[in-house]
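Hello,

Here is the structure I said I would pass on.

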Protein chains: 2
Amino acid sequence: MKYPNGIKREYQNVITYGNRGMNLEEDLNVTNEFYRDANIAIIYKKPTPIVIHKVDFPSRKDAIITDARFSIPSTTDYNGIYRGKYIDFEAKETSHKTSFPLSNIHAHQIEHLRRIIEHGGIGFLIVRFTSFQETYFLSGQAFFHFLETKERKSIPRSYFQQAGIQIPIGLRPRLDYLKLIEVNNEK
Amino acid sequence: MKYPNGIKREYQNVITYGNRGMNLEEDLNVTNEFYRDANIAIIYKKPTPIVIHKVDFPSRKDAIITDARFSIPSTTDYNGIYRGKYIDFEAKETSHKTSFPLSNIHAHQIEHLRRIIEHGGIGFLIVRFTSFQETYFLSGQAFFHFLETKERKSIPRSYFQQAGIQIPIGLRPRLDYLKLIEVNNEK
């Protein structure tokens with residue numbers, strides 16, 4: 001939802017949820033909405049890519065998609081602009097306790113992130129270990145460092161603790177991941 | 001489609017089409033693919049936003065969307081990174097001969113473009129007059145200048161000729177719109 005100039009939105013819904021019940025995607029949606037409303041950054045989740053096979057038109061105004069399939073995304077799910085910089089990231093949850101399986105991220109998405117960084121963009125991962133309700137920011141540099149040096153099919157939770165930064169859960173914004181871009185650069 | 005490192009793609013399909021038969025979206029798709037393969041820029045069209053109401057699972061591997069609707073996009077259709085800069089644009093065709101109706105662009109999308117420019121991104125429109133097979137690059141600045149000074153519901157073709165830049169149809173890339181960002185800055 002976009003709001004007309006000058007109209008501030010109340011984040012009552014967000015507060016009610018407290019620390020419970022919202023998944024990572026919902027947390028990022030309210031965070032990005034906060035960033036946009038506060039004019040901090042313009043970041044959106046991309047729509048889920050699907051291939052449409054059949055559309056019915058029951059009336060002139062209506063179009064109903066009656067046959068479609070999910071397709072594999074070529075890019076990460078989130079991108080936008082922050083302080084004039086191109087931002088690009090993928091966000092994933094895992095119920096695994098000791099590591100994050102790399103099979104959760106498509107090869108296309110990893111390649112996309114690599115290229116974004118080569119082109120001067122800011123690329124990173126946000127990974128949540130749902131068993132611990134821990135959410136980590138992992139810079140693209142730290143991610144690719146892991147991929148290049150470790151021959152493993154999953155990233156240990158300890159690597160996130162060591163090379164990433166845990167994102168605290170707040171109210172407004174709920175997951176202040178943009179703040180960690182600077183923190184990460186100072187590491 | 002992404003191609004592994006070192007494998008160059010042949011643009012035979014594109015050449016075959018010549019000047020006929022491809023619509024603006026297809027032209028931009030092959031152009032962006034060229035930009036990516038040549039490592040000039042990483043720009044994608046966002047998937048069409050839809051709201052999914054029902055998904056069937058005929059087998060463990062299959063997911064078929066059987067009821068979904070198109071939803072109004074909050075953002076423009078295209079974004080990405082070029083020379084470290086955030087790029088964002090909307091592309092539209094019109095069959096009108098004398099002007100481009102502003103009703104073709106949602107209010108949300110106009111507001112989005114305005115904010116992208118405020119945040120230091122490069123925002124613009126690409127508009128094709130299909131009757132003449134003319135495609136124009138119109139900078140965000142020229143677009144908002146028109147909106148602020150003219151109380152009209154459409155942008156005359158003459159405004160595109162005067163304040164925009166016509167994009168020639170080429171082979172590789174097919175519509176070299178990124179080149180016009182610099183040409184436009186020198187205007």
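Strand 5 and strand 7 of chain A run parallel and pair over eight bridges. Two strands count as paired if DSSP finds at least two bridges between them. Strands (E, at least two residues) and helices (H or I, at least four) are DSSP runs, numbered from the N terminus. Across this pair, A:Ala91 faces A:Ile126 in strand 7 of chain A.

This is a predicted model, in which local features need pLDDT of at least 70, side-chain atom pairs count only at pLDDT 80 or more, and totals for chains, interfaces and linings use all residues. Residues are numbered from 1 along each chain as its sequence is written, while chains are lettered from A and ligands numbered from 1 in the order in which they are written.

Strand 5 of chain A also pairs with strand 4 of chain A, antiparallel, through five bridges. There A:Tyr78 stands opposite A:Phe89 in strand 5 of chain A. The hairpin of these strands has two residues between them, and A:Arg83 takes a positive phi near 50 degrees.

Strand 10 of chain A pairs antiparallel with strand 8 (residues 134-139) of chain A over two bridges. In this pair, A:Tyr136 is opposite A:Gln166 in strand 10 of chain A.

Regards
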